[in-house]
2 protein chains.
Amino acid sequence: MMTDQLSSVFAALADPTRRAIVARLADGAATVNELAAPFPMSLQAISKHLKVLERAGLITRGREAQWRPCRLDAGPLRDAVEWMERYRRFWDERYDRLGGYLRELQEQTPRKEQNNEQAG
Amino acid sequence: MMTDQLSSVFAALADPTRRAIVARLADGAATVNELAAPFPMSLQAISKHLKVLERAGLITRGREAQWRPCRLDAGPLRDAVEWMERYRRFWDERYDRLGGYLRELQEQTPRKEQNNEQAG
DNA sequence: GGCATGCTCAACCAGTTGGTTGATTAACTA
DNA sequence: TAGTTAATCAACCAACTGGTTGAGCATGCC
C-alpha cells in the first residue's frame, strides 16, 4: 500500500515536524543539521522524516562535500491542492449550486443556502 | 500525538479508500452500506474509515432509524488548502520573486527564472 | 594517517493503522 | 415475541510509524 503519490504526499504532511521542515525549507535550502536544530529529537529521527518527504517528492537532496542540502519541491503540493479543490464548493459559498469552477471565474454569485442535499 | 486538526485531516486523506469515500459523498449523503458497496473489504473496515474521517471533521453523521447517513463537511479541507497555498510560489511561476499573494491579485507578471535560492 | 564533522544505516521498541471475524446493539417488520 | 437489517463494538493480527541508540561511511582539515 501507499504506492500512489497522493497518498504519500498527504501522509508526509500529516506530521507537524515534517510540516515545520517544509515551512523552514520555504526560506531556502538547508542541511540536515540545520533542519534538526529546532526539534527536541535526534538527528536520525529528522533524517527519517526527510526520507519520508523525499519519497513523497516534496524535497530533493543534493551533495556538497559532507553536507546533504535539502530543498523544497512543491510540485506534489499542487496535485494535492487540485484534489482538494474539487470539493471547494462544499466550503466556499460562491461555488454553491453552480457546479463548476469556470462559472465562478466569470461571475461571483454571493447567494447562499442549499449547502447540503445535492442529490445522488 | 495527532492532536492537531491539520495532522488529522492530512492523515485522513492519506488513504485511497477514504479519499474515494470523500469523492462519493460529494455526490450527496450516503449510508455506511452504500459507501461500503464499491470496496472489496468488510463493512467494519469501512466503519473504521468513517470514524477516521469523522474525527478529522471531514464528515458528519446523522441518525435516521437504523441508518447513520454520512455527509461531507469540507471545512477542514479549506484549512489544509490554506496551509498548502503558502507554498504556491514554489510551483506557480506567477508567484516568483513577488513574495506576496496580494501583488498577484492586482497584476499578473508572467516573468520567470529564479525559481530557487530565495535566501533565508 | 588520524581525527572531527555530517549524515546514514541497522536494530530495536512501543504505539498506531488497516484489516479480519464474531458478538452485540438499535430499529424496523411480521 | 421473533426475525431481519444497519451498524458498531471488541478482540485479534500483521504491517507500519516515529522514536531511540550504536555503529559505520564520506568528507574535509591538521
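Predicted model: local features only at pLDDT ≥ 70, side-chain atom pairs only at ≥ 80, totals over all residues.
Trainee: What percentage of the contact residues of chain A recur in chain B?
Mentor: The contact takes 29 residues from chain A and 29 residues from chain B. The same surface serves both copies, and the share of contact residues of chain A that recur in chain B is 100%.

Trainee: Which element gives the largest share of the side of chain A that touches chain B?
Mentor: Four elements of chain A, namely α1 (5-13), α2 (16-25), β2 (70-72) and α5 (75-85), each supply at least two residues of the side that touches chain B. By class, that side of chain A has 17 nonpolar, six polar and six charged residues. The largest share of it, six residues, comes from α5(A).

Trainee: How many helices and how many strands does chain A have, and in what pattern do they follow along the sequence?
Mentor: Chain A is built from six helices and two strands. Read along the sequence, these elements of chain A follow the pattern α-α-α-α-β-β-α-α.

Trainee: Which element gives the most to the surface near DNA strand C?
Mentor: DNA strand C is surrounded by 22 residues, the closest being T31(A), N33(A), S47(A), S42(B) and A65(B). The elements that give two or more residues to this surface are α3 (32-36) and α4 of chain A, together with α4 of chain B. By class, the surface near DNA strand C divides into nine nonpolar, 10 polar and three charged residues. The element that gives the most, with five residues, is α4(B).

Trainee: And which element gives the largest share of the surface near DNA strand D?
Mentor: Around DNA strand D there are 23 residues, of which the closest are S42(A), A65(A), T31(B), N33(B) and S47(B). Two or more residues of this surface come from each of α4 (43-55) of chain A and α3 (32-36) and α4 (43-55) of chain B. The surface near DNA strand D has 10 nonpolar, 10 polar and three charged residues. Its largest share, five residues, comes from α4(A).

Trainee: What percentage of the residues in chain A are buried?
Mentor: A residue is counted as buried if 20 or more other C-beta atoms lie within 10 Å of its own. Of the 120 residues in chain A, the buried share is 26%.

How values were computed. Residues numbered from 1 in each chain as written. Chains lettered and ligands numbered in written order. Near = placed C-beta within 6 Å. Nonpolar A, V, L, I, M, F, W, Y, C, P; charged D, E, K, R; others polar. Contact = placed C-beta atoms within 7 Å. Buried ≥ 20, exposed ≤ 12 C-beta atoms within 10 Å, placed from the backbone.
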